[in-house]
4 protein chains.
Amino acid sequence: MSLAILQATVADAVHAVIDAGRVSAARGWVPATSGNFSARGQDGRIAITASGVDKGALTAADVLEIPLDALPPAGSSAETGLHLALYRRDPAIGAVVHIHSTHATVLSRRQASAREIRLEGYELLKAFAGIRTHATRLAVPIFPNSQDIAALADEVDRRLGSAPPAPGYLLAGHGLYAWGATMRDALRHAEAFEFLFGCELVGAAA
Amino acid sequence: MSLAILQATVADAVHAVIDAGRVSAARGWVPATSGNFSARGQDGRIAITASGVDKGALTAADVLEIPLDALPPAGSSAETGLHLALYRRDPAIGAVVHIHSTHATVLSRRQASAREIRLEGYELLKAFAGIRTHATRLAVPIFPNSQDIAALADEVDRRLGSAPPAPGYLLAGHGLYAWGATMRDALRHAEAFEFLFGCELVGAAA
Amino acid sequence: MSLAILQATVADAVHAVIDAGRVSAARGWVPATSGNFSARGQDGRIAITASGVDKGALTAADVLEIPLDALPPAGSSAETGLHLALYRRDPAIGAVVHIHSTHATVLSRRQASAREIRLEGYELLKAFAGIRTHATRLAVPIFPNSQDIAALADEVDRRLGSAPPAPGYLLAGHGLYAWGATMRDALRHAEAFEFLFGCELVGAAA
Amino acid sequence: MSLAILQATVADAVHAVIDAGRVSAARGWVPATSGNFSARGQDGRIAITASGVDKGALTAADVLEIPLDALPPAGSSAETGLHLALYRRDPAIGAVVHIHSTHATVLSRRQASAREIRLEGYELLKAFAGIRTHATRLAVPIFPNSQDIAALADEVDRRLGSAPPAPGYLLAGHGLYAWGATMRDALRHAEAFEFLFGCELVGAAA
């Protein structure tokens with residue numbers, strides 16, 4: 001899997017968003033039109049899902065192409081600002097996925113007061129770039145959910161700092177944001193988080 | 001997703017019922033020929049699944065078209081009366097789905113004596129029309145199960161009143177009724193309830 | 001769903017067995033070549049799966065046609081005797097399914113010393129022929145597992161008596177036997193048992 | 001299912017690896033490019049998945065063909081050494097699968113200090129060659145996870161000895177290794193382990 005395709009054409013970016021929605025819907029990650037997906041195009045604009053559509057059946061008409069530094073246009077999702085803030089803070093980010101899985105929702109509520117989930121001793125931690133051994137303690141940040149997206153984006157940006165511990169964070173009772181250099185990377189990271197959250201929940205119940 | 005298609009032709013209504021059955025069967029919501037589905041046609045008649053058929057393999061022959069105010073005909077499901085009562089009480093309802101999921105069944109039994117399930121702090125509450133923030137406490141009504149459908153329909157009608165808290169209710173040990181302006185809305189509401197019930201159960205177990 | 005097709009041709013019986021295997025494999029009911037399926041043909045012979053084959057990919061060559069009263073031939077499953085005993089005791093039985101689901105396995109172990117599982121207050125109890133209300137208490141018999149199939153078949157026959165409480169029983173740590181007038185009925189019964197066992201387990205965990 | 005196909009051509013071995021990846025991905029056993037698969041070819045070389053590829057979409061270009069006794073080449077998975085050690089110790093082994101399921105991960109962590117999982121009283125134990133009754137106690141070995149694959153391979157080899165209790169072992173927090181005479185056998189063994197681990201976890205939670 002190549003990490004080199006950092007700059008896709010806009011058409012590629014739209015296509016990646018459509019594919020990501022279909023894959024995520026098949027996994028049950030975007031119930032009831034929730035979730036949103038974006039990818040950065042070669043011209044710097046961001047292809048991102050519009051508000052309220054079924055993410056498993058996207059067409060190009062459901063994907064907006066917006067400049068990085070303008071205000072989100074009409075029809076855009078309320079959470080567009082959280083996507084844009086990630087692209088602005090790190091030019092190496094090429095794709096962002098936001099999903100609402102049962103695992104992410106339950107675990108983010110349970111750990112909300114701790115403000116993080118610690119993942120430790122899992123071989124699958126090596127799915128994240130830069131981690132080379134299971135003997136790692138990774139703290140995934142959790143933020144209180146908010147409908148004030150601008151304030152939330154600022155809070156995320158401050159806390160992640162210059163070296164985020166992991167390519168993702170949780171909003172309590174809401175879901176997971178994950179990112180990567182390409183959409184393939186962002187989806188692999190989301191899949192790894194999902195697996196690890198599932199292990200934490202099953203391990204706590206058994 | 002348009003809420004404008006309030007009045008489908010009868011053929012559209014039959015088609016929506018067949019599709020809803022197939023989607024719901026694929027999700028495991030209608031085990032052992034359980035569940036039933038209906039949609040209101042342009043002429044005011046209701047297209048509704050017949051009794052005892054496999055909801056994942058419906059044909060037009062399995063869908064009855066019945067007047068809103070007559071007694072359910074031979075071959076109709078015992079629960080037809082619960083569907084008709086919803087259409088009579090609110091002209092904005094265009095489709096009703098009744099499903100028997102594990103989540104709805106277990107949670108409705110566990111909470112039967114409380115007569116409701118409170119859902120609070122979930123971003124996905126915004127999937128229901130009129131809810132704009134996760135900082136909402138939604139009480140989903142639970143009714144004791146009964147084989148006296150006429151009496152049950154009356155009880156539901158009285159308790160829901162003029163402003164139901166949510167587009168759905170539970171029958172204890174039985175399943176979920178959910179509705180919407182269109183079949184797409186009714187299915188989205190069912191999917192949102194299912195997700196939230198699943199979070200409650202997984203959260204209680206972990 | 002017609003209960004009238006009590007006597008299928010032998011070719012129909014073989015076809016029903018192949019279909020039942022495919023459906024059951026898709027649901028995860030027959031892991032690692034476990035499970036077996038049979039149907040009674042018009043000539044009184046029983047079409048039954050051979051030993052050790054993948055039940056999700058059966059061909060006619062994997063289905064044996066055997067007389068009701070002879071000893072099981074070479075290549076037949078060790079559990080053929082349990083199928084034949086059911087057909088002998090009740091001429092109204094047209095099909096038998098034996099599955100190894102997680103739910104049936106775990107619950108049959110947990111309840112082994114009680115020798116039964118009581119199911120009560122579930123609407124889905126009405127999926128079983130003759131049950132017309134959720135206000136029913138159904139006791140599903142559990143037998144200790146045994147490799148002495150002849151002795152086990154006799155014990156089952158004695159305990160079921162002339163009026164079995166339900167169209168099925170469990171072998172502890174092993175799985176479910178369910179039956180019906182047709183394969184469709186037997187599969188519907190298996191699906192209802194599975195759902196109810198799942199509700200019991202999820203309800204106990206939550 | 002024939003155990004006789006012990007020596008496949010190299011092309012057959014590559015094909016078996018590709019198929020095993022697709023089957024395993026569909027079951028959720030190889031999240032986030034984890035897992036690896038190998039088969040022994042007729043010429044003694046081992047066909048094995050390369051590092052870091054999506055196991056659900058393998059092509060022949062993703063499968064390396066390597067000699068049994070050489071050092072793993074560039075592009076091979078870090079865990080290639082664990083596969084080769086199994087082929088070297090037993091000429092009857094024709095295929096090895098390594099998967100990262102939630103069940104295997106959670107159970108291997110929970111039982112890590114006991115260094116084994118005991119499986120007892122399950123009919124499905126008979127899925128393993130040589131086991132003829134459920135009245136068996138099978139101890140599946142668990143090893144501490146390690147990034148030093150050569151040392152780990154030696155430790156596995158010593159502990160398994162000349163007569164391993166089961167055709168598989170666990171790495172704590174990491175996953176399952178399972179093997180068989182053919183890829184079909186290795187996958188059937190993996191499926192049986194998965195089912196039994198799932199029963200243990202569900203049984204502990206309920």
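Tutor: Quick definition before we start: helices (H or I, at least four residues) and strands (E, at least two) are DSSP runs, numbered from the N terminus. This is a predicted model, where local features need pLDDT of at least 70, side-chain atom pairs count only at pLDDT 80 or more, and totals for chains, interfaces and linings use all residues. Residues are numbered from 1 along each chain as its sequence is written, chains are lettered from A and ligands numbered from 1 in the order in which they are written, and side-chain values use heavy atoms, leaving out hydrogens and water.

Student: Okay, which helix of chain B is B:Ala186 found in?

Tutor: Look at residues 183-205 of chain B, the run that holds B:Ala186. That run is helix 5.

Student: And is B:Ala186 buried or exposed?

Tutor: Buried means under 20% relative accessible area, exposed over 50%, partly exposed in between (1.4 Å probe, protein chains only). Contact means heavy atoms within 4.5 Å, and beyond four places in sequence B:Ala186 touches B:Ala95, B:Val97, B:Ala178, B:Trp179 and B:Gly180. Its relative accessible area is 0%, so B:Ala186 is buried.

Student: Which residues have the most contacts inside the largest nonpolar core?

Tutor: A nonpolar core is a set of buried Ala, Val, Leu, Ile, Met, Phe, Trp, Tyr and Cys residues joined through side-chain atoms within 4.5 Å. Take C:Phe197: leaving aside neighbours within four places in sequence, its contacts include C:His103, C:Leu107, C:Ile117 and C:Leu170. The largest core has 195 residues, and those with the most contacts inside it are A:Phe197, C:Phe197 and D:Phe197.

Student: Over at chains D and A, how many salt bridges does the rule find?

Tutor: The contact involves 21 residues of chain D and 22 residues of chain A. A salt bridge is a side-chain nitrogen of Lys or Arg within 4 Å of a carboxyl oxygen of Asp or Glu. Across this interface, the number the rule finds is zero.
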